[in-house]
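Hi,

Here is the structure I said I would pass on.

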Amino acid sequence: MTTRTSPTTTAADLPLTDQDCLAETLAFNARFEAAAASRPARGRVLDPGLLARIRRNRLAGDAPPVRLPQGRDRVVAGVRVRTFLPEGADGGPVDGVYLHVHGGGWSFGSADGQDERLLGIAEAARLAVVSVDYRLAPEHPFPAGPDDCEAVARWLVDNAAAEFGTGRLLIGGESAGAHLAVLTLLRLRDRHGLGGAFRGAHLLFGPYDLSMTPSQRSFGSRPLVSNTDSLLGSYESFSPGTGPEERRDPELSPLYADLAGLPPARIVVGTEDPLLDDSLLLARRWRAAGAPVRLGVVAGAMHGFTLFPLTVTRREFAREREFLAAVGR
């Protein structure tokens, strides 16, 4: 068994992790792909009924997400958020605040879609977790989602010390959420002079070039959560009326932005992800702009692999928590 390499790299270039799990990971991919024949196809345009069903259920699942009683819903800066505190931290200080941005192609997903994971981060890393329930496309296309994330980030800059007893701010997300996390950092720097407000970024398999990197264009139609057509459909929903040239605007595609002044980052992607190049290229540019980067390329993992009960998922969650507990101290 082999893993996919990027059109812009060779296997020797990839800092591969979890090669001892490759057989399990690829076998899961094969089962997932085979089962796709019985699932509604996701093409460039999502049927409204399918979109509604996806929004009701957990990402990549067929049942609603589990809402934990430890989660608290509130509104800050006019935006709905869901918050978690580690056990015993009510009314007391924590070691930092993690601003989380959920994935879902900017069109589905929610702040209460992965309570168990967010509570796990809060407990293991002793963080207050604030997850943004940003407005979704196509009803609310760009710039609605980025505006909501920016508003919550600004609120945290001004209020985290009073609310949570700490000014150590971290940010991150998965897929579209990773994209929005980077846009938020850039907006804080460029619009508000707050380039150093957040001390770390954790970015899982994000799309950073909405005009499509080589790995996105070459991936084809394999139904591994995301593929070339579904990505293109997400971009057209998020930024309607734009073509590839317009989507190279750094306001939409952070891969084309000046990345100076951004915090240390951990960037993760799987070898079977159409967004492989996005993470490889962003890590290279992030590092060239002067910030430390930890890049992880998970052998055999498809897009969104952390949604599934795999050995690589358990390992990735442990690495995520370790990074968030330590970065920016």
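Predicted model: local features only at pLDDT ≥ 70, side-chain atom pairs only at ≥ 80, totals over all residues.

In helix α2 (residues 48-56), the buried residues are Leu50, Leu51 and Ile54. They sit on the same side of α2, because the arc they cover around the axis is only 100°.

Next, the prolines. Two cis peptide bonds turned up: one joins Ala137 and Pro138, with omega about 5°, and the other runs from Phe142 to Pro143, with omega near 10°. Pro138 belongs to the loop between β5 (128-132) and α4 (144-164), and Pro143 is also placed in the loop between β5 and α4.

Which non-glycine residues have a positive phi? Asp18 is one of them, at about 60°, and Phe205 is another, near 35°. Asp18 lies in the loop between β1 (16-17) and α1 (22-35), and it counts as buried at 7% relative accessibility. Phe205 sits in the loop between β7 (198-204) and α6 (214-218), and its relative accessibility of 2% makes it buried too.

Last, the cysteines. Searching the whole structure gave zero disulfides. Cys21 is buried, with a relative accessible area of 6%, and Cys149 is buried as well, at 1%.

Cheers

Terms used
Residues numbered from 1 in each chain as written. Heavy atoms only, no water. Disulfide = S-S within 2.5 Å. Buried < 20%, exposed > 50% of the residue type's maximum accessible area, 1.4 Å probe, protein only. Helix = DSSP H or I, 4+ residues; strand = E, 2+ residues; numbered from the N terminus. Arc of directions from axis to C-beta.
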